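Please read it alongside the sequence and the model shown below.

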Amino acid sequence: MNAPATTSMPRALPAAHRDRLMEIAREVSFPEGVRLFEEGSHADRFWIVRTGTVDLDIRVPGRRAAVIESLGHNELVGWSWLFPPYVWHLGAGTASPLRAYEFDATAVRRMCEEDPEFGRTIARWVGEVVAHRLQAARTRLLDLYGPYGSGGMR
């Protein structure tokens, strides 16, 4: 699944801010089937996908977790690190082998505090991601559990 232009990191961040963020990136790899985080656990990092796919899911009482969205190249994995109390709102697991850039949330929040323009850019980007994910979750849950689905075409 491709991210809308405004949520894809290279398109969402000006080059100077993107370069600044990438200065603290750490390259990581995970095999298929690894849980990156669980809904309700502490959000202390986030990732930008280089290659592979991550499935975002939500717990549904009495059922298996429902996959809300699949994320791929240049997409942000995780937004809960930016907003107190820094607890994951969804879960995430690798759907294929994953190569990603990993970021320490505390370091990025500190960068945002030290440079308000950088902070506004990051907040706007993450806010757009949150809005997109909320709509994706709504649509997917209607498809799974609504009497007539979302009515959207897939």
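A nonpolar core is a set of buried Ala, Val, Leu, Ile, Met, Phe, Trp, Tyr and Cys residues joined through side-chain atoms within 4.5 Å; buried means under 20% relative accessible area, exposed over 50% and partly exposed in between, with a 1.4 Å probe and protein chains only. The model is predicted: local features need pLDDT of at least 70 and side-chain atom pairs count only at pLDDT 80 or more, while totals for chains, interfaces and linings use all residues. Residues are numbered from 1 along each chain as its sequence is written, and side-chain values use heavy atoms, with hydrogens and water left out. Helices (H or I, at least four residues) and strands (E, at least two) are DSSP runs, numbered from the N terminus.

**Nonpolar core**

- The largest nonpolar core holds 34 residues, of which Leu21, Val77, Trp81, Ile122 and Trp125 touch the most other members.
- Two or more residues each come from β2, β3, β4, β6, β8 (98-104), α3 (105-114) and α4, and α4 gives the most, with 5 residues.
- In soluble globular proteins, nonpolar side chains tend to be buried together.
- Leucine 21 lies in helix α2 (residues 15-22) and counts as buried because its relative accessibility is 0%.
- Beyond its neighbours within four places in sequence, leucine 21 is in contact (heavy atoms within 4.5 Å) with Leu13, Phe46, Phe103, Val108, Met111, Phe118, Ile122 and Trp125.
- Leucine 21 and isoleucine 122 are 101 residues apart along the chain, and their C-alpha atoms are separated by 9.4 Å.
- With neighbours within four places in sequence again left aside, the contacts of valine 77 include Phe46, Trp47 and Leu71.

**Aromatic pairs**

- Rings of Phe, Tyr and Trp (its six-membered ring) pair if their centres lie within 6.5 Å; planes under 30 degrees apart count as stacked, over 60 as edge-to-face and the rest as tilted.
- The whole structure contains 6 aromatic pairs.
- One of these is the stacked pair of phenylalanine 46 and tryptophan 81, at 4.2 Å centre to centre with 15 degrees between the planes.
- This pair links distant parts of the chain, 35 residues apart: phenylalanine 46 is in strand β3 (residues 45-51) and tryptophan 81 is in the loop between β6 (76-77) and β7 (91-94).
- Both phenylalanine 46 and tryptophan 81 are buried.
- Tryptophan 47 and tryptophan 88 are also stacked, at 6.4 Å centre to centre and 25 degrees between the planes.
- Tryptophan 47 is in strand β3 and tryptophan 88 in the loop between β6 and β7, 41 residues apart.
- Tryptophan 47 counts as buried because its relative accessibility is 3%, and tryptophan 88 because its value is 5%.
- Ring pairs join Phe37, Trp47 and Trp88 into a cluster.

**Charges over rings**

- A charge sits over a ring if NZ of Lys or CZ of Arg is within 6 Å of the ring centre and within 35 degrees of the ring normal.
- Arginine 20 lies over the face of phenylalanine 118, 4.9 Å from the ring centre.
- Arginine 109 has its charged end over the ring of tyrosine 86, 3.8 Å from the centre.

**Sheet**

- Two strands pair if DSSP finds at least two bridges between them.
- An open sheet of 4 strands runs in the order β2-β7-β4-β5, with antiparallel pairing.
- Its edge strands, β2 (35-37) and β5 (66-71), each pair on one side only.
- Strand β4 (residues 54-58) pairs with β5 in the antiparallel sense over 5 bridges, and leucine 56 has glutamate 69 in β5 as its bridge partner.
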